[in-house]
Amino acid sequence: MKLYHATISNRVDSILKKGLLVDSGYKNYDYSNKCICLTNNAVVAESFVSNADNITDDDFENESVVVLSIDLDYLEKQYLYNDTNIIADEGDVEYFEYRKNIPPEAIQEEYEASFWRSTCK
């Protein structure tokens, strides 16, 4: 099974070399715990970046959104929690926090998408 995480394109090379790091210094939302946010839906992961609190339009100049897949076989399940910041009933969409670094061998680039920002915040 795969989960998804998205980021800005200029961060992908580092992520593929070092993995996703809990203490990387990048957070999409002010309220998020020290964790890596994941979902079972790639389009939802993409929207997290496009609508993030701490990413400005300037951050996206000449950049795009990249969706990464995470192979669950590489994760330690005791560090995987339901995301405590999202309360939603969206059918089959699930939200998770992973409270440990994710190794590079667990990560694969899925696709790159143009940046868009919702005007409904």
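Which residues of α2 are buried? In this predicted model, where local features need pLDDT of at least 70, side-chain atom pairs count only at pLDDT 80 or more and totals for chains, interfaces and linings use all residues, the buried residues of α2 are Ala 42, Val 44, Ala 45, Glu 46, Ser 47, Phe 48, Val 49 and Ser 50. Residues are numbered from 1 along each chain as its sequence is written, and side-chain values use heavy atoms, with hydrogens and water left out.

Buried is taken here as under 20% relative accessible area, exposed as over 50% and partly exposed as in between, with a 1.4 Å probe and protein chains only. Helix α2, residues 42-50, is largely enclosed by the rest of the structure, because 8 of its 9 residues are buried. The buried residues of this helix pack against β1 (2-8), β2, β3, β5 and β6 (107-113), where contact means heavy atoms within 4.5 Å.

The protein as a whole contains 2 helices and 6 strands, arranged along the sequence in the pattern β-α-β-α-β-β-β-β. These elements are DSSP runs, numbered from the N terminus, with helices (H or I) of at least four residues and strands (E) of at least two. Of the 121 residues, 40% count as buried, and among contacts between residues at least 6 apart in sequence, 79% join residues at least 24 apart. The protein exposes about 7,100 Å², of which carbon and sulfur atoms supply 45%; accessible areas come from the Shrake-Rupley method with a 1.4 Å probe, and for residues only the protein chains shown count as cover.

A nonpolar core is defined as a set of buried Ala, Val, Leu, Ile, Met, Phe, Trp, Tyr and Cys residues joined through side-chain atoms within 4.5 Å. The largest such core has 17 residues, and those with the most contacts inside it are Leu 20, Ile 36, Leu 38, Ile 70, Leu 75, Ile 102 and Ile 107. Two or more residues of this core are given by each of α1 (12-18), β2 (36-39), β3 (65-71) and β5 (95-98), with the largest share, 3 residues, coming from β3. Apart from this core lies another, of 8 residues, among them Ala 42, Ala 45, Val 49 and Val 67. When neighbours within four places in sequence are left aside, Ile 36 is in contact with His 5, Leu 20, Leu 21, Val 22, Phe 96, Glu 97, Tyr 98, Lys 100, Asn 101 and Ile 102.

Strand β5 is covered on both faces, with Tyr 95 and Glu 97 buried on one side and Phe 96 and Tyr 98 buried on the other. Strands are treated as paired if DSSP finds at least two bridges between them. By this criterion β2 and β5 run antiparallel and are joined by 4 bridges, with Leu 38 standing opposite Phe 96 in β5. The pairing of β4 with β5 is likewise in the antiparallel sense, over 3 bridges, and Tyr 81 has Glu 97 in β5 as its bridge partner.

Cys 37, in strand β2, counts as partly exposed at 22% relative accessibility and, not counting residues up to four places away in sequence, touches Tyr 4, His 5, Asp 83 and Phe 96. Asn 82, in strand β4, is exposed, with a relative accessible area of 55%. Rings of Phe, Tyr and Trp (its six-membered ring) are paired if their centres lie within 6.5 Å, and planes under 30 degrees apart count as stacked, over 60 as edge-to-face and the rest as tilted. By this rule the count comes to 2 aromatic pairs. The rings of Tyr 79 and Tyr 98 have their centres 6.4 Å apart and their planes at 75 degrees, so this pair is edge-to-face. The pair links distant parts of the chain, 19 residues apart, with Tyr 79 in the loop between β3 and β4 (80-82) and Tyr 98 in strand β5. Tyr 79 is partly exposed, with a relative accessible area of 28%, whereas Tyr 98 is buried, at 1%.
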